[in-house]
Amino acid sequence: MRAVVDTTARSTVSTWKADTNAMVSVELVRSPATGGDAANAGAAAQFHPTYTYPFYGTDETVLGYLRPRVTLRYSAASLALHLVASYDEKSGGEVSHDSLVTPLLEYLPPHEDQCFDEAKFAKVLEADARAFVPPGHQVHQYEVGDETFELFQCKFTTPGFKKLYDRFKIFPMFLIEAATPVDADDARWDFVLVYRKRSTSPTSARPAAADTPASSSPAPDHARTMPYEFVGMASLYTFFLYPSQLRRRLAQLLILPPFQRRGHAQHLYAYLLDAMVRDREVGQFTIEDPSDAMDAIRDAGDLAYLFSRITELVSTPPKGTPADPPIARLVTDPALLTPEKGDVLAAMCAFPAKLSALATLTSVFKLHRRQAERVYEMAVLHALRGRPTREFRLMVKARIFRANRDALAALDGELDAAERVNKIHAAYLDVLKEYRARLAAVARR
């Protein structure tokens with residue numbers, strides 16, 4: 001006899017259960033409303049969070065609503081917020097409209113800084129389209145295609161920045177795992193903001209003709225766009241570095257989803273690295289707990305910077321580094337790329353050459369020693385045209401062994417010598433694959 005199963009309760013629970021990553025959406029409104037109605041505002045870039053567990057729990061679900069929707073509508077320029085929540089139907093349990101948005105409120109702008117009606121939001125969009133300028137001072141500019149992007153440096157004491165930070169501090173929590181807001185009272189935080197700059201003034205598409213009557217109507221609202229659009233940001237924290245310098249740690253680097261996969265993270269990291277190298281007060285530039293994606297950006301950025309600036313930077317080396325460090329010859333001497341120079345490349349894999357190169361990479365390029373070792377190994381593999389030699393394998397495996405010595409020692413009773421060698425070789429193959437991918441990324445730039 002077949003069992004009879006009552007699926008009513010199960011289907012009901014499923015119907016009233018919503019994925020909060022899909023429920024929450026972010027809109028970046030790029031132009032003012034038409035006719036003063038914010039609901040008809042111009043084109044908006046939209047994305048959903050990757051993570052909502054900091055707000056709705058590890059299950060990232062809400063119960064008691066049929067098709068709930070929470071939309072955070074931001075001005076693409078000033079990030080002024082208009083929060084909208086709705087649902088098709090509510091169950092009879094202990095749920096309320098507020099329970100959809102209450103978990104977010106702690107990380108949203110203060111109540112007095114939010115637009116709670118469409119008319120107010122429309123006025124903010126109109127004001128932003130006329131005259132918004134990012135806080136801070138511009139430190140860099142770059143092009144992507146025919147678009148211009150500008151970087152602005154800020155601290156919490158920068159006029160207007162604290163309000164802007166309160167508006168975007170939830171973005172890292174949505175998009176970076178385990179991200180948390182920083183302490184706005186700590187003066188050691190610095191930020192670099194990325195904004196897209198429109199090529200023309202939002203209100204001056206072209207000069208008026210000489211015979212145009214003074215009473216001519218202005219361009220319609222929807223024809224104007226924001227002069228600047230928020231793209232992303234980086235946050236840095238400053239530590240003291242004995243005996244007399246500073247360590248700058250990159251805590252977060254964030255590019256909003258509508259602008260991702262266009263090279264903005266690489267441009268931002270390249271600026272930060274160059275700024276750290278040029279700053280004599282900075283002795284080391286590190287990254288806090290980087291993700292795999294951030295590791296890829298850093299590796300490719302460090303290599304590209306090394307290849308482009310090694311000759312300039314070692315022409316006047318800091319005290320204690322050689323005037324002609326081996327890494328300079330490795331990167332700049334074309335003769336090293338010929339087969340008959342194999343003995344030279346073999347010497348580059350020896351510990352004395354690597355030690356000298358690390359002195360340059362840590363003092364001139366401000367890299368942490370672990371990262372400096374990786375960059376040097378990738379530079380050697382580049383000189384080898386991606387074909388590792390025995391000497392290269394031994395150099396990389398020696399670093400892998402040193403980095404994992406304690407873990408391997410803990411397995412002494414479980415692994416024999418052959419198994420230990422196999423584990424190190426497997427790790428080496430993973431590293432080799434990663435290095436080749438990084439070099440390919442640099443070659444595509």
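This text describes a sheet with the helices lying across it, and then a pair of packed helices.

The model is predicted, so local features need pLDDT of at least 70 and side-chain atom pairs count only at pLDDT 80 or more, while totals for chains, interfaces and linings use all residues. Residues are numbered from 1 along each chain as its sequence is written, and side-chain values use heavy atoms, leaving out hydrogens and water.

Helices (H or I, at least four residues) and strands (E, at least two) are DSSP runs numbered from the N terminus. Six strands form an open sheet in the order 9-10-11-12-13-14, and the pairing is mixed; two strands pair if DSSP finds at least two bridges between them. Strand 9 (137-144) and strand 14 (282-287) are at the edges with a single partner strand each, so one side of each has no neighbour in the sheet. From one strand to the next, the twist averages 25 degrees.

Within the sheet, strand 10 (residues 147-154) and strand 11 (residues 189-197) pair in the antiparallel sense over seven bridges. Glu150 has Tyr195 in strand 11 as its bridge partner.

Helix 6 (residues 161-168) lies across strand 10, strand 11 and strand 12 (228-241), at about 80 degrees to strand 11. Angles run from 0 to 180 degrees between N-to-C directions, and axes are lines fitted to C-alpha atoms, for helices over the stretch in contact; contact means heavy atoms within 4.5 Å.

Elsewhere, the axes of helix 14 (residues 390-403) and helix 16 (residues 417-443) come within 10 Å and cross at roughly 110 degrees. Helix 14 and helix 16 are therefore roughly perpendicular to each other, a term for angles of 65 to 115 degrees. Residues making the contact include Phe392 of helix 14 and Tyr435 of helix 16.

Terms used. Parallel < 35°, antiparallel > 145°, perpendicular 65-115°, else oblique.
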